[in-house]
Amino acid sequence: MEFVLQAIATIRRWWSEFTLQTKLMALVTLMVSLLMSGVTFWAVNDIQTDARLSDTRFGRDLGLLLAANVSPLVAQGDRTEVARLSKKFFDSSSSIRYILYADPTGEIYYGIPFSVSEVQNSLSLRRRIQLPENPLSSADPTWVKQHNTPQGEVTDVFVHLDHEGEDLGILAIGINPNPTAVASSSLTLDVTTAVFVSIWMMVILGAASNVVTITRPIKELVAGVQSIAGGNFKQQIDLPFGGELGELIRSFNKMAKRLESYEEQNIEELTAEKAKLETLVSAIADGAILLDSELKVILANPAAIKILGWEDRQAIGIDITEILPQSVNREISMPLTEIVKGEREGAEFRITSESGETSLRFLIMSVISASNAIKGIAMTVQDITREVELNAAQSRFISNVSHELRTPLFNIKSFIETLYEYGDELTEDQKHEFLDTANRETDRLTRLVNDVLDLSRLESGRQFRFDATDLPQTIEQTLRTYQLNARDKGIELHKEIAADIMPAWGNYDLLLQVLGNLVGNALKFSNSGGKVVIKAYNCQEPSPNDPHHLINRVRVEVSDTGTGISPEDQKRIFDRFYRIENKVHTLEGTGLGLSIVRNIVEKHHSCIHVKSELGVGTTFWFDLSVFQDKCDLPQVLNAESLTFESADVRTPEGASAISLELA
């Protein structure tokens, strides 16, 4: 009972939400639907009744006619003639479904089609006929009934057979339904169904039209009024309606524009100034923070949030001393307190993180109102880590270069002054020794200047011509250059070049410089009895665009059995001005050799790798594209952009050389 009451309440609430127009449309539709259903029922029933009467009359007449013809034959017992005559009647009309003959006891002794299972199933007969409760007589010789089959309603006509007052049994005839009447009844039902569906489709379209033309604009107007009441004067309704609704919508939009204009006149200047300030603060590269008089953050631009690592935490409204890094907080907490108390106007600090990886500059100023009251504090934060690193690198460079320049210049000047002042007193061997020392120091000074110039040239964006390079020739020239130096130190210098080595795609002079720097370093850090080997062989690596496609490469290795490089130094050996010997001050060098190597290898769109173990030795290696696979070069770019330019130079194979420029 409670469920029924809840359902009734739900229907009432659902019905109350409809507009009057919708309710009227629903009631009219219901009435029309009921009327159409009644008309359909009446029409179909009337058609079926007429068909039934027609079938009954036809069956009665046919049964009486057949009974009159077969009664004498039945009385004589001539069943052959009865069968012939019955078959003739059965074949003469498609309306006859069956013909059965039964004796006075109801026992069937002949039928057309008696042996067919369809007759037995439709009449549910087992060779007997259930006789009527009221016996048939000559006064009322027929009895009619109907039964339904899948093909329609069949009329069963039972006729009393008698001849000269003798009861001969029953004749049963089945009449098929009139196909015209059945088709008419079905057509009437289909037409009525189509009309019924059309009516409801019209109702649905009318409801949708009502929603679009009336309900929707009214809801838009209600939402617009609520939005304006909430202070949103930019609210506009854009619906293409004419008539009274269109005029109402246009009037609403005019009202909203006027309210918006009034609002803009009152706050335009304030909004503009605020927008300018916010844009300026957000756009500057330095961090900007604004604090109130209680040291709570009220503004922080994106740069400040990034520099101080506030991306994952809420900073606005929080005391700045609670969210600053500990190393920073120790330095500026006291000055901030003094500025708030008015004891100082501002301060500037340079603070380095405890790990030493980050350096920050803080500029703090008080915000004073027209009445000289402190309203807050403005802070500027600058990340000067790069600047500190550059200054340190510059200092290291100046220190290294100054030291390296001072030593050869001092030696050159000393020996030349000695020759100049005491040349007549020196023997020829002494003079030759002095000149040889001055010459070696001059070479040392030249190498230092050349290293600096080479690094500057590589980083200047200069174009270099790349074509097929004969690596065996490059390696052979490197061995000839350093063979004497290796022999003087008692170090074996060898090469291992694959017989099927392919020509590399590169710059001959640059690759010669790479091999020279690597072999020179290997000799420098190898002791007497050591070994330095240059290897070159073919290898393959998966293409970045298609891992199943292998790209041909040529790998170059320079190995030694020297002192090795510690894991800590391996991370920095390719940095400019970094020297391992800085810790022992025993070997010459500028710290630029491996930096030059890395720069050249990267210009060949490759990477320099190192594997080293202290006391065992070191191996440097890099891969080069082969000349046949030069078309794959743009696919292996991993750092800088590549520009191809035509050149007039031709390689020995006749292929056009190209020039590479790194942007």
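This is a predicted model: local features need pLDDT of at least 70, side-chain atom pairs count only at pLDDT 80 or more; totals for chains, interfaces and linings use all residues.
Residues are numbered from 1 along each chain as its sequence is written, and side-chain values use heavy atoms, with hydrogens and water left out.

**View 1. The whole chain.** The chain has 15 helices and 19 strands; these are DSSP runs numbered from the N terminus, with helices being H or I of at least four residues and strands being E of at least two. Of its 663 residues, 37% count as buried. Buried means under 20% relative accessible area, exposed means over 50%, and partly exposed is in between (1.4 Å probe, protein chains only). Accessible areas come from the Shrake-Rupley method with a 1.4 Å probe, and for residues only the protein chains shown count as cover. As for contacts (heavy atoms within 4.5 Å), take those between residues at least 6 apart in sequence: 58% of them join residues at least 24 apart.

**View 2. A nonpolar patch that takes in Ile-8.** Met-1, Phe-3, Val-4, Leu-5 and Ile-8 make a nonpolar surface patch of about 570 Å². Patches are made of residues with over 30% relative accessible area and no salt bridge; like charges are joined within 9 Å, and nonpolar side chains (Val, Leu, Ile, Met, Phe, Trp, Tyr) within 5 Å. Ile-8 has its place in helix 1, which covers residues 2-16. With 38% relative accessibility, Ile-8 counts as partly exposed.

View 3. Side chains of opposite charge can pair when their charged atoms come close. A salt bridge here is a side-chain nitrogen of Lys or Arg within 4 Å of a carboxyl oxygen of Asp or Glu, and by this rule the count comes to 13. In one of them, the side chains of Arg-84 and Glu-81 meet at 2.1 Å, N to O. Both residues lie in helix 3 (residues 79-92), three residues apart, or about one turn of the helix. Arg-84 is partly exposed at 46% relative accessible area, and Glu-81 is partly exposed at 24%. Another salt bridge brings together the side chains of Glu-476 and Lys-495 (2.4 Å, N to O). Glu-476 lies in helix 12 (residues 471-489) and Lys-495 in strand 12 (residues 492-497), so this pair ties together parts that are 19 residues apart in sequence. Glu-476 counts as partly exposed, at 27% relative accessibility.

View 4. Asp-623 forms a salt bridge with Arg-555, and their closest N and O atoms are 2.7 Å apart. This pair links distant parts of the chain, with Asp-623 in strand 17 and Arg-555 in strand 15 (residues 550-560), 68 residues apart. Asp-623 is buried, at 12% relative accessible area, whereas Arg-555 is partly exposed, at 23%. Elsewhere, salt bridges that share partners join Glu-348, Arg-361 and Glu-387 into one network.

**View 5. Aromatic pairs.** Rings of Phe, Tyr and Trp (its six-membered ring) pair if their centres lie within 6.5 Å; planes under 30 degrees apart count as stacked, over 60 as edge-to-face and the rest as tilted. By this rule the count comes to four aromatic pairs. The rings of Tyr-101 and Tyr-110 have centres 6.0 Å apart and planes at 35 degrees, so this pair is tilted. Tyr-101 is buried, with a relative accessible area of 0%, while Tyr-110 is partly exposed at 24%. Phe-574 and Phe-620 form an edge-to-face pair, 6.2 Å centre to centre with 90 degrees between the planes. Phe-574 lies in the loop between helix 14 (567-570) and helix 15 (593-603), and Phe-620 in strand 17 (residues 617-625), so the pair ties together parts that are 46 residues apart in sequence. Both Phe-574 and Phe-620 are buried. Back among the tyrosines, ring pairs link Tyr-101, Tyr-109 and Tyr-110 into a cluster.

**View 6. Helix 15 and the residue after it.** Nine of the 11 residues of helix 15 are buried, so this helix is largely enclosed by the rest of the structure. Among the buried residues are Leu-594, Ile-596, Val-597, Asn-599 and Lys-603. His-605 follows helix 15 and has a positive phi, near 60 degrees.
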